Structures are given as C-alpha cells and as structure tokens.
Amino acid sequence: MELKDGTVTIQLRPDLAPQHVERIKTLTRRGFYNGVVFHRVIEGFMAQGGDPTGTGTGGSDLPNLPAEFSQPSRARFLRGTCGMARTQDPNSANSQFFIMFAPGSFLDGQYTIWGQVVAGMETVDKIKRGAGQSGQVRDPDKIIRMRVAADPA
C-alpha cells in the first residue's frame with residue numbers, strides 16, 4: 001500500500017480469514033482501493049478506509065462476507081493488525097478495513113483479522129487524524145496505490 005509518506009507492507013493472513021483475504025486481493029487487483037481515503041482515523045486507536053464514498057457507509061459491488069472471527073488465543077488486535085470494518089451485523093464486512101495504531105483487546109473475537117503490517121508502520125502513524133469521537137477526517141489522506149506483492153508489477 002503506497003501512502004503519501006511511504007510504503008506499507010501487510011502480511012495477509014489467509015490462515016485466519018481466507019474469504020476476507022480473498023476479498024482484499026480481489027478488490028486490490030481491480031484497483032478499487034487506489035485513491036480511496038482514510039475517512040475515520042482516531043488517535044491511539046486506528047485508521048479506517050476502504051469506502052469509495054469516503055463517508056463510512058459505502059462498499060464494493062460484491063456481497064458482504066460472513067464473519068471469520070479468530071479466538072483471542074490464536075490472533076489478537078495489536079499494533080499494526082488489519083481488521084475488517086462492519087456494521088452491528090457480524091456478517092456485514094465488505095470492503096472497509098482498519099489498521100490498529102495500538103492494541104485493542106476489546107475487538108478480539110468481534111472483528112475479522114485479515115493481515116498484519118510487517119513494514120512501514122511509521123508511515124501508517126503519519127495518516128492524518130480525525131476529530132472528535134467519530135474520528136471523521138477533513139481533507140483525509142488517500143491510498144495512492146494498493147497492490148498484491150505476489151503479482152507482477
């Protein structure tokens with residue numbers, strides 16, 4: 001994932017969430033995430049993006065995914081963990097995702113973990129923060145380009 005301040009490398013976790021990893025790869029290969037903003041960014045918590053409308057209410061044209069929650073003994077929400085955003089419905093994840101700035105044990109077993117930042121976390125730390133409890137960002141930072149590293153450039 002290329003951001004204004006550098007490159008972020010995310011190790012995918014198909015062992016935890018095969019359907020969610022496949023969705024991220026499919027959308028990435030379509031160029032879906034290119035130019036999409038981080039619309040909700042909360043200091044000390046996470047940066048959320050993946051909504052083409054930039055409002056937090058949008059998704060892709062693909063159907064929502066069933067939850068693939070991990071037991072906390074297997075995977076936890078730590079700094080750099082990538083999870084899928086959803087509504088109150090556990091089976092509503094689609095295209096939106098978030099990257100954790102800090103551990104969030106209250107999310108363990110409640111949201112799908114699909115990856116982990118393995119390089120470039122200092123770049124994630126530079127994503128523009130939002131205001132208030134909602135974390136809505138004015139003039140938000142964008143994903144310049146996202147690609148699957150295993151694919152030909």
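Helix α1 (residues 18–30) lies across β3, β6 (81–84), β7 (97–100) and β8 (113–119), and runs at about 60° to β8. Helices (H or I, at least four residues) and strands (E, at least two) are DSSP runs, numbered from the N terminus. Angles run from 0 to 180 degrees between N-to-C directions, with axes fitted to C-alpha atoms, for helices over the stretch in contact.

This is a predicted model, in which local features need pLDDT of at least 70 and side-chain atom pairs count only at pLDDT 80 or more, while totals for chains, interfaces and linings use all residues. Residues are numbered from 1 along each chain as its sequence is written, and side-chain values use heavy atoms, with hydrogens and water left out.

## The open sheet

Six strands form an open sheet with antiparallel pairing, in the order β3-β8-β6-β7-β5-β4. Its edge strands, β3 (9–12) and β4 (40–42), each pair on one side only. On average, neighbouring strands of this sheet are turned by 25° against each other, direction ignored. Two strands pair if DSSP finds at least two bridges between them.

Strands β4 and β5 (residues 46–49) run antiparallel and are joined by three bridges. R40 has Q48 in β5 as its bridge partner.

## Residue Q48

Q48, found in strand β5, counts as buried because its relative accessibility is 8%; buried means under 20% relative accessible area (1.4 Å probe, protein chains only).

Leaving aside neighbours within four places in sequence, Q48 is in contact (heavy atoms within 4.5 Å) with residues including R40, A85, Q96 and F97.

How values were computed:
Buried means under 20% relative accessible area, exposed over 50%, partly exposed in between (1.4 Å probe, protein chains only).
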